[in-house]
Amino acid sequence: MKFYAAFLFLLFSQSLFAQVEILAEQDQDRNLSLMAFNKDAIPYTIRIEFSKLENLESKEGNILFKVAKPGKSNLLKLQSIYVNEPTGFNYKTQLFKGDFQSVPGSSAPYLIPVSAGTQVGMRPLTVENSSTQSGKTYSGVGFFFETPSPICAPRKGIVSSIKMDVEESASGPANFETENYIEIYHTDGTFSRLSGLKANSAKVSLGETVIPGQEIAASSHLTGQETYHVKMIQSKWEMTEMGILWINFPVEIVSNQGNSLSNQSVSSSESIHPKELIEKELDKKELKKIQSN
């Protein structure tokens, strides 16, 4: 006979409302299994901390990080110590969007997120940070161009968050949170956020899979200027001694002048969408669809 107990946890973060259900199942030997049911299109990292284990043993410790993939995921199994004794447990959880187990070295180069043929200037964006030697830390990269351009996906991924209701772009070059944006989750556990977009111009929806070079929104101009722009921020979870930390990191950018890192300034380059780079990220079904078109 199996016994069931369901627990429901809700998360609200950066305009993302995610729902993950955790189900506890006990077998005839009183071993307890925890499973997650994730209704979202992207995975979630769950931090589980046991405050009480009665006649149960966690072989992985009392604080664990597990991943709830879309659909059903088996999280862990608690072993019963004495078969004929009652069991019980208390625990608390935290949810983090994405998979903290990023795949090292798997990231493909990124397209400049504008239409092919667009001339852009590129410069890194920084924020003040008193803990660093220079006082500034890298936060993302800005692309600047003279005429409006469609904003395109820099890599294949799943649209994980959208904010498109701000009518006027923020004036600060690193004021990401108050701008319109589309966020894309990649299968290597990283995120790309395209920020500073034209209001209500999204051409994609939450949960949709996008491919490199696909048009996703329209560009907007900097406040008080005629220059158009888009900001691109790459982020991921990084495991530290204190737990997982959300970090921004530079990436390799493709242009007609070759590849460069996004923490470097480039005065002028042209956006290109190499066919071989795009096709490398596609599965067989997507590749067949692209080739037929």
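These are my notebook entries on what I looked up in this predicted model.

**Overall make-up.** I began with the secondary structure, and I found two helices and 23 strands in the chain. Of the 293 residues, 47% are buried, and the accessible surface comes to about 15100 Å², with carbon and sulfur atoms accounting for 50% of that area. I then looked at the contacts with a separation of 6 or more, and 63% of these join residues 24 or more positions apart.

**Nonpolar cores.** I turned next to the largest nonpolar core, which has 28 residues and in which Phe143, Ile182 and Ile216 have the most contacts. At least two residues of this core come from each of strands S10 (119–128), S11 (136–145), S14 (181–185), S17 (215–218) and S19 (228–240), and S11 gives the most, with four residues. For Phe143 I set aside the neighbours within four places in sequence, and I noted contacts with, among them, Ile112, Pro113, Val120, Met122, Tyr228, Val230, Met232 and Ile253. Apart from this core I noted another, of 21 residues, including Leu34, Ala36, Leu56 and Ala68.

**Aromatic rings.** I went through the aromatic pairs, of which the structure holds seven. I looked up the pair of Phe191 and Trp246, which is tilted, with 5.4 Å centre to centre and 55° between the planes. This pair links distant parts of the chain, since Phe191 is in strand S15 and Trp246 is in strand S20 (residues 243–248), 55 residues apart.

**Charges over rings.** I also checked for charged side chains over ring faces, and I found Lys97 over the face of Phe191, at 5.2 Å from the ring centre. For Tyr110 I noted that Arg155 lies over the face of the ring, at 5.2 Å from the ring centre.

**Positive phi.** Asn55 has a phi of about 60° and is found in the loop between strand S4 (44–54) and strand S5 (56–57). Asn200 has a phi near 55° and is found in the loop between strand S15 (191–195) and strand S16 (209–210). Which of the two is buried and which is exposed? Asn55 is buried, with a relative accessible area of 11%, whereas Asn200 is exposed, with a relative accessible area of 58%.

Note on methods: Residues numbered from 1 in each chain as written. Predicted model: local features only at pLDDT ≥ 70, side-chain atom pairs only at ≥ 80, totals over all residues. Heavy atoms only, no water. Buried < 20%, exposed > 50% of the residue type's maximum accessible area, 1.4 Å probe, protein only. Core = buried A, V, L, I, M, F, W, Y, C linked by side-chain atoms within 4.5 Å. Contact = heavy atoms within 4.5 Å. Areas by Shrake-Rupley, 256 points an atom, 1.4 Å probe, with all protein chains shown as cover. Phe/Tyr/Trp six-rings, centres within 6.5 Å; stacked < 30°, edge-to-face > 60°. Lys NZ or Arg CZ within 6 Å of the ring centre and 35° of its normal.
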